[in-house]
Structures are given as structure tokens and as C-alpha cells.
Amino acid sequence: MGRDRCSGQPWLASNAHPNGHECAKGAATLHHGFPNAAHQLSTPHSDPEEETKMWLFGKGAEERPGRHAHGATHHEAHLDAVEAAWLGLSVGTHGHRHLRGIGKCGPRRWPKSRLYVSHGKRRGGRSRPDESLPDRGEALPGAWGPGLQPLRKVGSASGTMLLRAAWRRAAVAVTAAPGPKPAAPTRGLRLRVGDRAPQSAVTADTTSAPEAGPVLRPLYMDVQATTPLDPRVLDAMLPYLINYYGNPHSRTHAYGWESEAAMERARQQVASLIGADPREIIFTSGATESNNIAIKGVARFYRSRKKHLITTQTEHKCVLDSCRSLEAEGFQVTYLPVQKSGIIDLKELEAAIQPDTSLVSVMTVNNEIGVKQPIAEIGQICSSRKVYFHTDAAQAVGKIPLNVNDMKIDLMSISGHKIYGPKGVGAIYIRRRPRVRVEALQSGGGQERGMRSGTVPTPLVVGLGAACEVAQQEMEYDHKRISKLAERLIQNIMKSLPDVVMNGDPEHHYPGCINLSFAYVEGESLLMALKDVALSSGSACTSASLEPSYVLRAIGTDEDLAHSSIRFGIGRFTTEEEVDYTVEKCIQHVKRLREMSPLWEMVQDGIDLKSIKWTQH
Amino acid sequence: MAASSRAQVLDLYRAMLRESKRFSSYNYRTYAVRRIRDAFRENKNVKDPVEIQTLLNKAKRDLEVIRRQA
């Protein structure tokens, strides 16, 4: 019977399968030997799934179209079944008759309260030595639960339904395991978040502080600093944090192969968001590293002929700092000023380009004031003058549509934690046609095409890929919603408070980042007053210093207005109630602080503050 | 066929909303409920059965995600 020969021990499986398939020698043994079937699998998903499968089933397997009479669903069911077997789950599979009644066999018989584990003689079970399996009935918190995650995307509905029941059981068992459980969600319209304070998983239950009710945490309105992980992203990452922990650069075993497959799939997801080819995406540790690679790498590579770079005054600190360090190496850098609106003058850019300019770096969306630079026009100028164009798109990727070919972008930095992905990961897009040469900053084993050596962190890049895919699907919905909320916030504040200035061009503006200056109110004191709302008065990287933001200074705001600026961030998870609460508190506190302000009194009396001669002491 | 799939869709919708309410984080909870409602409403008038099935499959997968993460 097929069942016996195709046991769940793929590493022992012979090359010829009873079903008439033939495994390519040395093919990944995760499968049950469908090297040719892979080509026949037409999924509703995009090509990378196919590529992944083709990869998994062994490169170079030729297409033999006439070979299989089975459909895609059938193969996917096998795939899932194999995965299940691989993970020690007893699933009725491989005998084809089981697949007809998918969902009707195997899983239903398993006891509800346990994590099921193959115990040998179940239907379709494997006779695998039990030493690698957890003890009967022991619930490993989360260990086995999401293990089949990768197949979720691969399998069809019917194929994965087999396992869904399985996962439900596993999930029940897992949640029944001892451990801190979050408090019941607060009911009704609670404007404050009612979560339990984080507890470490180690201290189990009674040793922690006695139940004092849910700890209230501030509203989060600082999405430019970082964003929460989307639950879908976390779900995609979990298997790679638990079971699929292989190093993607290990070429000799299944752990490495599956990690590499996941990494390549993530690369494809990132690439499809920006309209690039997957080979042009290099994973890094974040947008800062990407910016460093782009600026220092390009400058140093073309050092012999090109010695000039152009950037703007409103760039992120890492760009400005990289340029500063290049200046110390002997390069010249032009820091273009911006207009009052925050947008650069294209004529100035054209005038600044010299014959020995190697790179122009302009960020797509500013993280402090939210202005959108005219990237397409800048790309046009740069490509006509044969200068490489780099853009720091950390705040823009996944929020506004970007296409590196339409906008003629040569290098682009992407940050994971700005698009509801994990922190500690990012990517850089480096164009291949025409090829942009970059000198690697980090030496090592030549990973990532030699441009960024070091083991690629599979869970993080899987998270980044998932975040990009979610962003691509949700872009329109999010943009519409965020625009509406931003409109609401600005209108409500402006109609109740006089002397409020919005920094940045109102038209070329990403709605989710609103920077308002409240005249006659000190920004820090307003921030402290708004203690229920997590806000920022500028970028997180400059928040430690007392100086007002250099971005605000670059757009020409007065010192006093620059000191009183607050940045409101609206993101995917921001609710209308949060916005209303923020508006209400903001109005209340601004009014209160203005009441206390002597400057405000003088303004009310009609005195022009600019005309005052402050006495010298 | 149409009647049963309508019931199916409604069951799925209810199940998703029920599971979403279990999120302990306010932001995730409100997002999930809102997004599910808006997505089902938006696709209310889809007629093509293949497309309907695709959307249902995606919804089922998302339901599993919510079950795991909530």
C-alpha cells in the first residue's frame, strides 16, 4: 500500500514512488516526490509560489505535462499532508481516497484536549520513533501550533481544511496551557487601551503583582516612529521563530532549504510592492543600514571619477551623517535647501548637478512633516543627467504607490517597522538594469549578492515580506481611511483653536503625518500635558536633544513656532475615537496653557510681539 | 446553491466577528472588526462564483489567523 512505502520519513523514501512519480535525485525531501507535479500546480497565487515549490522540489526538474492526471488541489493536499506528517501530526493522507472526504477523516478522531501527535498506528500514521515527538498530552506553548503556517499560502482551501481542524485543536491545547493570559478586553467605548501589562513568559502566574485590573496605556499616535506589528505579519513570522529555524544559507539540509524558500518568497513580496525584480532586493537590518549602503557604497565605488553628491536639508539623520562622513573622506556634498512648503526646487536641483555628481538622495515622504517630494520628476532629471537617484522611502513604502521603473529610481531604502512589520529588518532596492555598482560596507561570506554579508534573519524577512504583501492589499483602504481621519483631526483642531499652523505643503502631503505648531504654547509642555496620548514633537532620533528639529528650521519656521510643534501620526490601527479624544485633549490643554501664557495675553491685547524690545539684563 | 453559500458567507462573517472580539489589544480588536465589516460589505455584490470562492478562502485563512493571534 502506498501508505507504507511513502511513510512520513521522507529522508528514507526511495526515489521511485508507487504513484508513478520519480523524485529527482537529491531533491528536497520535504515532499513526497512530485518534482514534476510542481509545474502542474496552478495556484491562484502569484508566480513566486510556483517558484518556491519548484525550488522545493528540486531545481531543474523538467516539465512532463502528460504525467499526472491529478489536479492542483490533489497535489496541494499531499503537500499539506506531508507537512503535517513531517510535523508529527497524524493525518489521513496519501491513500487517495482520503482526499475525497477532506476534513472527514483523521482529525476528527483526535481527542480535543491534547495536542495530537502521531502515535504510530493511526490511520495514515507513521511508524516513526517517538523520541523526536513531544510526550503524549504535553502541550507545548505555541511550539506546534502554527508550524504549518507556510503552507497556508500554498494550499488550496480543501487541502488545508484537513489541517485547520488540526490547528484548531492545537490552538485549544496551547491556550489551555498555563501561562499569562491577557485580561478580558474592556467593553464599550474605552478610549484608553485596556491591555494587561506585559509579563515575561517565565514567571508563570502567582508570583506577579496581584490583579489590579487592566493597566491603561496611552493612545498610540506616533506611527512615524514605529508601527505595531500587524497580526497577519506576526502569524507569518511565527513558524520561522519556532520550528523552521534553519539558516537560509545552509545548502545541505531541509532546514536550510525551507528557510531559503521563505526568504525568497519574502523577497518577491517586497519586490512586487515596488515594481522591482526580486534579484534587486537586498535585505538589511533597517533603513539606516540601507541608506548607508546606498550613499557610502555608491560614492565609494565611483570614487575615482565622481566626487560629488547631492542631498537635501530635510533628510533623515542617517543620510546626513553618511554624507558628513563622506565629506571627511574627501567628497563634496551639496545640501539643497527646501522651500517653505518643504518641497525642493527642481531648478535648484538641476543647477546643482555637476559632471562629477554620482548620487542624488531625496527622501520620498518626510518623517517629520509628511511632505511628499516630486520623486517622479527628480527621477526624470537624474536619469537624463546620468546621475544615480536614491530615495529613502521608509515612510512611503506600502502607503503610497511606488514604482521604481516609472519613477526612475535607482536605489531605494525600505524599513520594516514603518509598515507594520518587525523591527530590525529592512531592505534596499539596487537597480540591475542599468546596473548600479555598490561597494559593500559589511564584509563576510558574500550573502545577499556580496552587498550585505551576514545571515539573513529568516523570521524578520518573512515578516517584512508579509508586511509588504498586506500593505499592497490594504493600501487603498488604508489611504482612504487615514485621509479621512487626518481631515477630521485638522479640521476639528483648526476650527476650535486660532493660531495653529500646519507645517509642510498641504497638497503634496502624506495624510498620516500631521505636524502642527501651536503658537504661544511650548511643545514639550503640551506633550507632557497630553500624557494619555503617545505623541512626538519631531523625529524620535532627535527627540533627546533640546534643539528644535532641523527639518522645521529648514522649512523656515520661526524659532518659537518650531519649539511648539507636535507631530500626530495616524496609521492603519488608529480609530476615530482615538482621533476625537486626541483632538479634545489637545484643544483643552492648548487653551489651558495659553491662559497661563503672558505672551498670549499680550497678543490678546493686540500687541505685536515682533515689535517688543525685550530689556537686556 | 446560492442560498447555502449565502448562509455560508454569513456564518463566516459571524464567526470572524466573534473571533475578532477576542483580541485583547484595543487597536487590533477595532481594526479587525472594522476591516471585516468593510470587506464583506464591499464585496457584497460580487457575482462571479470563482471570485466569491477566492474571497471566501481568503476569509477563512484570515479567520484562522485571528483564531491563532487573538
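Visitor: At roughly what angle do the axes of helix α14 and helix α18 of chain A cross?

Guide: First, the ground rules. This is a predicted model, where local features need pLDDT of at least 70 and side-chain atom pairs count only at pLDDT 80 or more, while totals for chains, interfaces and linings use all residues. Residues are numbered from 1 along each chain as its sequence is written, chains are lettered from A and ligands numbered from 1 in the order in which they are written, and side-chain values use heavy atoms, without hydrogens and water.

Guide: Two packed helices are described by the angle between their axes and the distance between the axes. Here, α14 (residues 458-496) and α18 (residues 576-596) of chain A cross at roughly 20°, their axes coming within 10 Å. That makes α14(A) roughly parallel to α18(A) (angles under 35 degrees count as roughly parallel, over 145 as roughly antiparallel, 65 to 115 as roughly perpendicular and the rest as oblique).

Visitor: Which residues of α14(A) and α18(A) make the contact?

Guide: Contact means heavy atoms within 4.5 Å. Among them are A:Leu485 and A:Ile493 of α14(A), and A:Val583 and A:Lys591 of α18(A). By class, this contact has seven nonpolar, two polar and five charged residues.

Visitor: How do α8(A) and α14(A) pack?

Guide: Helix α8 (residues 231-242) of chain A packs against α14(A) at about 160°, with the axes 8 Å apart. The two are therefore roughly antiparallel. Residues meeting there include A:Met237 in α8(A) and A:Val470 in α14(A). The contact divides into eleven nonpolar, two polar and two charged residues.

Technical notes
Axes fitted to C-alpha atoms, helices over the stretch in contact; angles between N-to-C directions. Helix = DSSP H or I, 4+ residues; strand = E, 2+ residues; numbered from the N terminus. Nonpolar A, V, L, I, M, F, W, Y, C, P; charged D, E, K, R; others polar.
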